[in-house]
Amino acid sequence: MVYFIAKRLVQSLFVMLAVAFLAFSLFRFVGDPITQMTGVETSVEDQERLRDELGLNDPFAYQFARFTGDMLQGDFGFSYRTRQPVAEMIATRIPATLELGVVALLISLFVGIPAGVYTALRPRGAATQAILMMTLVGVSIPTFVIGIILIFFFGVQLGWLPTFGRGGTVNLGGWDTSFLTVDGWRAIILPAITLGVYQLTLTMRLVRAEMMDVMQSDYIRFATARGVPMGRLYFKHALANTMVPVITIIGLQFGGVIAFSIVTESVFQWPGMGLLFLESIRFVDIPVMGVYLVVIAFFFVLVNLIVDLLYVAIDPRLRIRDVS
Amino acid sequence: MWAFIKRHEGLWLFTRSPAVMIAAIVALAIMIGAVFAPWIAPVNPYDLASFSLMDGLLPPVWEEFGSERFLLGTDDQGRDMISSILYGARLSLIIGVSAMIIASVLGVGLGLAAGYFGGRFDAIVMRIADIQLALPAILTALLIDGIARGILPPEMQQDLRVAVLTLAIALSLWVNFARTARASTFVQMNKEYVQAAVMQGQHPLRIMFVHILPNILGPLLVIMTVDLASAILLEATLSFLGIGLPADSPSLGTLIRIGMQFLLSGEWWILWIPTLFLIALVVSINVLGDFLRDVFNPRLR
């Protein structure tokens, strides 16, 4: 167990180092930091002196080590565009993106898992056919179009829900949450559905496939023969055994949720990290791009680590194997 | 003719599925319209002299105030919507198809080599593929686009926009090809014809491309179709985000982005007609991809 966790931690560390290296290369080789910092009237000697002072003439490995060290201490440098500390810019945007992502994931799970179970148990039903048809369409329509359609119907035609921004937020110790105001909840519904639809179809298809597999297995037949009540059979015995692949997918989906939140945030003008990243690309704001990558990778690694630990909690067989 | 169709199972299946036939007709119609846009489209939307503000915001012909000169209406500049869409689809398809071709050449080449040589080369290629697979394609494409913006001098940015976009999309889609080609190559490596070729001392490149490649084309064709749809979607998404093509040479995604400004006013056609066009194109390519998968993978039928 301890060995397993330690191994995963070391792996995660290597992934983070690789991403930090990528961010560093971006920063170092895409465009010249000096020309970004100085104006046209700065003389060549001054530029060279600045280059020396900033340590840009030091050996490459040394520069990378210093870059990583600064990052570990929370020093992410300054934005080329706004001249603000990047750490601050990203930190104020993190709550918006994470809350959006969490609500989207919850929607995809709370709709996707029951729908997957239902379509697996009644494979020939009319409702099943309709649901499967809808998921096919859902996969083919791009995220931004789903957003536009939702805005059009619920925002413009019916006028029920706001179509941009986060609504009211409450500051909880530096974390701006929109979960504590009615306004905030109303604002998060449309973007979260937009972001969740694609994940929902994935979750549903996976649960359906796994469920159909499990229902064929001997222990389910045996439990049926023993007269275990249907509800208990489906949800306790069958569904529990589909959870390991489902949790894996949730971990993998997190990357997708974050990436597609760039699109969703752009459609709904949601003030999260994705919108910041888009702006940084448009203005070639390399420090922000690099730090965004590192932050995303960090969340990604963290979620996957948690997923691995959850396996052990959910599947007792893994614990036994570990002991042996 | 009928006997010929019946003998070829794929073609026969094709005539039996109305959804697939409709998809094929829609995809073909859009592609023909896009390829021949300069001859079919009523006006050239890139030519500023061809439209006038006086014709701005005219609705499609079946609506009140519609004009027969503009069957699908005009945008706020007075540009004919049909022409904009045909030229837009042309750009979307040019970028989508070239990105797909670059991705397949790169991916299949690397995958074949990885499967053939195995060992360390295989390990390196597959690790890179794994890392890229963890990043969603859209993030990769955005990053490559951002890097290109940083490296290229500003005066070249406009001219190279299409090339940069194509490359960004291609480099985010090659992994699928590489993985499939590698897996199929592994299967072929154990077959006698490959071993015979190796014994004869034929050149590895010849074995890979002349002997193995034709035998793994089936699954690759499926991926090509699916990835063409992905490439078109990626381009549309990037252009919608304002990272892709600019407003003076709009692709379908750019047209949708422009149409978003009219979401709150009554001019629905500026937004919804390009959107419908994009969905029809992508859905029909996806349906064709599903069909091809069934043809090449009889077990799933």
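Student: How many residue pairs are in polar contact between chain B and chain A?
Tutor: The count is 1 residue pair in polar contact between chain B and chain A, with both residues at pLDDT 80 or more. Please keep in mind that this is a predicted model.

Student: And how many salt bridges are there across the interface of chain B and chain A?
Tutor: The rule finds 0 salt bridges there.

Student: What area is buried between chain B and chain A?
Tutor: About 2700 Å² is buried between the two chains, and carbon and sulfur atoms give 85% of that area. In terms of contacts, 32 residues of chain B meet 31 residues of chain A.

Student: Turning to rings, how many aromatic pairs are found over all chains?
Tutor: A search of the whole structure finds 9 aromatic pairs. One of them is formed by A:Phe144 and B:Phe240.

Student: Why is the pair of A:Phe144 and B:Phe240 called stacked?
Tutor: The ring centres of A:Phe144 and B:Phe240 are 4.3 Å apart and their planes lie at 20°. Stacked requires planes under 30 degrees apart, so the pair qualifies. The pair also joins two chains, because A:Phe144 lies in helix 7 (residues 143-157) of chain A and B:Phe240 in helix 11 of chain B.

Student: Are those two buried or exposed?
Tutor: A:Phe144 and B:Phe240 are both buried.

Student: What about A:Phe154 and A:Trp160?
Tutor: They form a tilted aromatic pair, 6.1 Å centre to centre with 45° between the planes. A:Phe154 is partly exposed at 29% relative accessibility, whereas A:Trp160 is exposed, with a relative accessible area of 52%.

Student: Which residues do ring pairs link into a cluster?
Tutor: A:Phe152, A:Phe153 and B:Trp272 are linked in this way.

Student: Changing topic, where is A:Glu99 found?
Tutor: A:Glu99 is in helix 5 (residues 86-121) of chain A.

Student: Why does A:Glu99 count as buried?
Tutor: Its relative accessible area is 3%, and buried means under 20%, so A:Glu99 falls in that class.

Student: What does A:Glu99 touch?
Tutor: Not counting residues up to four places away in sequence, A:Glu99 touches A:Arg166, A:Trp175, A:Asp176, A:Thr177, A:Ser178, A:Phe179 and A:Ile188.

Definitions and conventions:
Residues numbered from 1 in each chain as written. Chains lettered and ligands numbered in written order. Predicted model: local features only at pLDDT ≥ 70, side-chain atom pairs only at ≥ 80, totals over all residues. Heavy atoms only, no water. Contact = heavy atoms within 4.5 Å. Buried area = accessible area lost by both parts, 1.4 Å probe. Salt bridge = Lys/Arg side-chain N within 4 Å of Asp/Glu carboxyl O. Polar contact = N/O pair within 3.5 Å; in protein donor to acceptor, adjacent residues only side chain to side chain. Helix = DSSP H or I, 4+ residues; strand = E, 2+ residues; numbered from the N terminus. Buried < 20%, exposed > 50% of the residue type's maximum accessible area, 1.4 Å probe, protein only. Phe/Tyr/Trp six-rings, centres within 6.5 Å; stacked < 30°, edge-to-face > 60°.
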